[in-house]
Amino acid sequence: MINIPPFDATAQYKSIAAEIEQKVCAVMAGGRYIMGPQVKEFEIQFAQYLNCEQVISCNSGTDALHLALRALKIGAGDEVITTPFTFIATTEAIGIVGATPVFVDVELSSYNIDPQLIESKITEHTKAIIPVHLYGRPCNMTAIMEIARKYNLKVIEDVAQACGATWEGKQVGTIGDVGCFSFFPTKNLGCFGDGGAIATDNSIIAERVEHLRRHGGKIKYQHEELGLNSRLDTLQATVLLVKLQHLNRWNVARTQIAEYYVNKLSDVENIALPIVVQEGNSVWNQFTVRILHKQRNYVQKFLQEKGIGSMVYYPIPLHLQQVHSDLNYPLGSLPVSEQLSHEVLSLPMFPELPASSQKVVVESFREALANIYLSSNVR
Ligand SMILES: *Cc1c(COP(=O)(O)O)cnc(C)c1O
């Protein structure tokens, strides 16, 4: 029986187990579980990798967004422009600090926020833009930074899905004022639990995040403002120090799988493959195709029956989520995101996906689409 998961965390673990286990055991024996030296060491090495001034780690990507907004003093009465086609964490952070998310629809070709639609949503209350580099693919940062400069807005990049991706030669997450990373296990750089970080060239932002992540004070037991308990565990930093050494190699492996998929599926009708951009490199956190003519759920079920896992990111755009009903975006108000939520399907994608499995995925996917064609479900 074939069993090809959409993602397999254990395959990566096995490939580096020997390297990691000895280091993790040393941390456990050493007892410095909170803010051990590995945390600082990881921050330094990750900043070097990104080629930015400072990295401050924290407990999750969600907290990274929250801390970034707090560091920029964005809160009640402020508006933050973002995409509705993302994970809830993006708007959760905006809401938690008391600000209001303002949705701008995405481009059908890139799934990312459409820079051409941003300006018309800017008001006197707008303080920031949060572009999300979805599926590992960079947003058009040139256009976004131009708008931000023109209107004096902050840019907080949500890099949770795009660690290692570049835009015009720069690492995403280092182009805006602050980049927010997640080390959740399914991300390109994932630890063995929750983890996150912010990256910035701005020492004021870095210092504020540094204080806020440990209860809002410079000195222990002296608190200037309400903070959080949001530190990266020493154990997770230890894991990340090892994994960072492999990140580029893993991102290349993802790219090779994406190229194989594109190559083998380019002649399939009634789908749209992800389009590669000239200005930037995707790191393929997901390989996401659009399946046209309302056949997505059929294709997913067909693959499921063959033992192939696939995922829908995301079945409901954020403006239609119950939690955001007070924002009053009716059905039809952000049509591209709504269309994508019915069309997208992410195929198995992780660096260790064997060539034999890639072949089975391609063959079964082609079979599913051929079935649709034969049964003339399509028009
Ligand atoms: C995963 C993710 C987050 C949140 O990261 P956590 O570490 O799980 O809190 C935020 N934004 C996007 C786009 C994500 O995919």
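Which residues come nearest to the ligand? Of the 15 residues around the ligand, these are Gly61, Thr62, Asp158, Ser182 and Lys187, where "around" means having a heavy atom within 4 Å of the ligand. This is a predicted model, in which local features need pLDDT of at least 70 and side-chain atom pairs pLDDT 80 or more, while totals for chains, interfaces and linings use all residues. Residues are numbered from 1 along each chain as its sequence is written, and side-chain values use heavy atoms, leaving out hydrogens and water.

View 1. A polar side-chain atom of Thr62 lies 2.4 Å from a ligand oxygen. Look next at Asp158, where an N or O atom of the side chain is 2.8 Å from a ligand nitrogen. The side chain of Gln161 has an N or O atom 2.8 Å from an oxygen of the ligand.

**View 2. The shell around the ligand, by class.** Here you will find 5 nonpolar, 8 polar and 2 charged residues. Asp, Glu, Lys and Arg count as charged; Ala, Val, Leu, Ile, Met, Phe, Trp, Tyr, Cys and Pro as nonpolar; and the others, Gly among them, as polar.

View 3. Strand 6 (residues 166-167) joins strand 7 over 2 bridges, and Thr166 has Gln171 as its bridge partner in strand 7.

Terms used:
Polar contact = N/O pair within 3.5 Å; in protein donor to acceptor, adjacent residues only side chain to side chain. Pairing = 2+ DSSP bridges. Helix = DSSP H or I, 4+ residues; strand = E, 2+ residues; numbered from the N terminus.
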